[in-house]
Structures are given as C-alpha cells and as structure tokens.
Amino acid sequence: MSRLYWARNDGLTGHVWLSDADRAALAREMVLQGMSSFPVATFERGERMQVTVGEIEGALGAAAPEPVSVDERLWRDWLAFLAGASENGGLLVR
C-alpha cells in the first residue's frame, strides 16, 4: 500500500492511499500514455519519493483523458489528484 500526499495539504484533503495493484496499474497506464516526466519506475516499485510540480505538469500535459488499460474512474481520479498536487506544491509518496 502506498500513501500519497500533496506537498501542501490540510490533513483532510490532498491525500490518497493506493493498493499495490492500483499503483502498478497506474504506472503501466502512465508508461502507455508517455508520461515520461513522472518518475514512473520509482512510483511502480512503491519507493518513497517526491515528485515536483514540473514533473507533474509535464505528465499531465502528455496524459489523455481516456485510459488505455485501466478502469476509467481510477484514471479520472488519478488525473484529478495529480492536478491538485500540481497546484499544491507537488507530491510526496510514503
């Protein structure tokens, strides 16, 4: 299980918990969509990391709203979470 937080969050919003299966599925989707500015390999391994606003914005710029290989709702929620992270100082993965 991975815990993800916006760099600036209020403790009530700006966080999500992902199962290992969902994290792996999202990593595969990001590769398929060419979101190379996001450190996908580190994310897929579930390692602790910090993702900068620039890396997130680059990834969002490459992302299509329709997924190739994951559930549409998971993908839509993931893109919305990343958009929030880009507006709140980046992303921390614990």
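Mentor: Happy to. In this predicted model, start with Ser2, which touches Val16, Trp17, Leu18, Arg23, Gly46 and Arg94, leaving aside residues up to four places away in sequence. With one of these neighbours, Arg23, there is also a polar contact from side chain to side chain, at 2.8 Å. Ser2 lies in strand S1, which covers residues 2–6. Its relative accessibility is 1%, so Ser2 counts as buried, the cut-off being under 20%.

Now for the core. The largest nonpolar core has 26 residues, and those touching the most other members are Phe38, Phe43, Trp75, Trp78 and Leu91. At least two core residues come from each of S1, helix H1 (20–32), helix H2 (40–45), strand S3 (49–51), helix H3 (53–62), helix H4 (72–87) and strand S4 (91–93). H4 gives the largest share, seven residues. As a general background, nonpolar side chains in soluble globular proteins tend to be buried together.

Finally, follow H3 against H4. Their axes come within 9 Å and cross at roughly 145°, and the crossing is left-handed. From H3, Val53, Ile56, Glu57 and Leu60 meet Leu79, Leu82, Ala83, Ala85 and Ser86 of H4. By type, the residues of this contact are seven nonpolar, one polar and one charged.

Notes. Residues are numbered from 1 along each chain as its sequence is written. This is a predicted model: local features need pLDDT of at least 70, side-chain atom pairs count only at pLDDT 80 or more; totals for chains, interfaces and linings use all residues. Side-chain values use heavy atoms; hydrogens and water are left out. Helices (H or I, at least four residues) and strands (E, at least two) are DSSP runs, numbered from the N terminus. Buried means under 20% relative accessible area, exposed over 50%, partly exposed in between (1.4 Å probe, protein chains only). A polar contact is a pair of N or O atoms within 3.5 Å; within protein, one must be able to donate a hydrogen and the other to accept it, and residues adjacent in sequence count only if both atoms are side-chain atoms. Contact means heavy atoms within 4.5 Å. A nonpolar core is a set of buried Ala, Val, Leu, Ile, Met, Phe, Trp, Tyr and Cys residues joined through side-chain atoms within 4.5 Å. Axes are lines fitted to C-alpha atoms, for helices over the stretch in contact, and angles run from 0 to 180 degrees between N-to-C directions. A crossing is left-handed if the near helix is turned anticlockwise from the far one by less than a right angle, and right-handed if clockwise. Ala, Val, Leu, Ile, Met, Phe, Trp, Tyr, Cys and Pro count as nonpolar, Asp, Glu, Lys and Arg as charged, and the others, Gly among them, as polar.
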